[in-house]
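This report describes the fold of the chain shown below and then its salt bridges.

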Amino acid sequence: APPHSHFASVAPLTSIATVGVIALQPPGIRIVKHCRHSRPHACWLSADVKGGILKWTTRKRKSADACIKLDEIIDIKLGIDTPVFARHTKNVKAKKTALCFSCLTKFRTLDIECPDNTTRNNLVAAIDFLRKTSEL
């Protein structure tokens, strides 16, 4: 019999989420992070599945500058409906709103702009899957 996996009790890993999980493996995927205190800037976003964290850094091979725990993500919101994005609305063109999403925690948001819609969909599915499996 195959070994039991704790992932089996969660919704099945879709092909979209699979692509996203693979993209989040170190060194990660290049995105634009919108910040509370500074202008949007390019970052590398990756996930440490064993450690249960989503991390980002400005350098491809440097250790993470910052992170959030996957189990602290309450929701994932598509579009630009957060206070951080509201500050940068003039920097986000209308067609780019479909490339954006936010990971919401109790105390903050992680606001991300992806290079294309496929990448956004893959990352949203992957982060949603990883946060649900981290709760097990």
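## Secondary structure and overall fold

In this predicted model, the chain contains 3 helices and 7 strands. Their order along the sequence is α-β-β-β-β-β-α-β-β-α.

The chain has 136 residues, and 41% of them count as buried. Among contacts with a separation of 6 or more, 50% are between residues 24 or more positions apart. The chain has an accessible surface of about 7900 Å², and carbon and sulfur atoms contribute 56% of that surface.

In one of them, Glu113 pairs with Lys96, and the closest N and O atoms lie 3.2 Å apart. This pair joins distant parts of the chain, 17 residues apart: Glu113 belongs to strand β7 (residues 109-113), while Lys96 sits in the loop between α2 (83-87) and β6 (100-104).

The two partners can also be described by their accessibility. Glu113 is buried, at a relative accessible area of 7%, whereas Lys96 is partly exposed, at 32%.

A network of salt bridges links Asp128, Arg131 and Lys132. Asp128 meets Arg131 with an N to O distance of 2.9 Å, and Asp128 meets Lys132 at 3.0 Å.

Arg131 and Asp128 are 3 residues apart in helix α3 (residues 117-134), so about one helical turn separates them. Lys132 and Asp128, also both in helix α3, are 4 residues apart, about one turn of the helix. Arg131 is buried, with a relative accessible area of 10%; Lys132 is partly exposed, with a value of 36%.

Key. Residues numbered from 1 in each chain as written. Predicted model: local features only at pLDDT ≥ 70, side-chain atom pairs only at ≥ 80, totals over all residues. Heavy atoms only, no water. Helix = DSSP H or I, 4+ residues; strand = E, 2+ residues; numbered from the N terminus. Buried < 20%, exposed > 50% of the residue type's maximum accessible area, 1.4 Å probe, protein only. Contact = heavy atoms within 4.5 Å. Areas by Shrake-Rupley, 256 points an atom, 1.4 Å probe, with all protein chains shown as cover. Salt bridge = Lys/Arg side-chain N within 4 Å of Asp/Glu carboxyl O.
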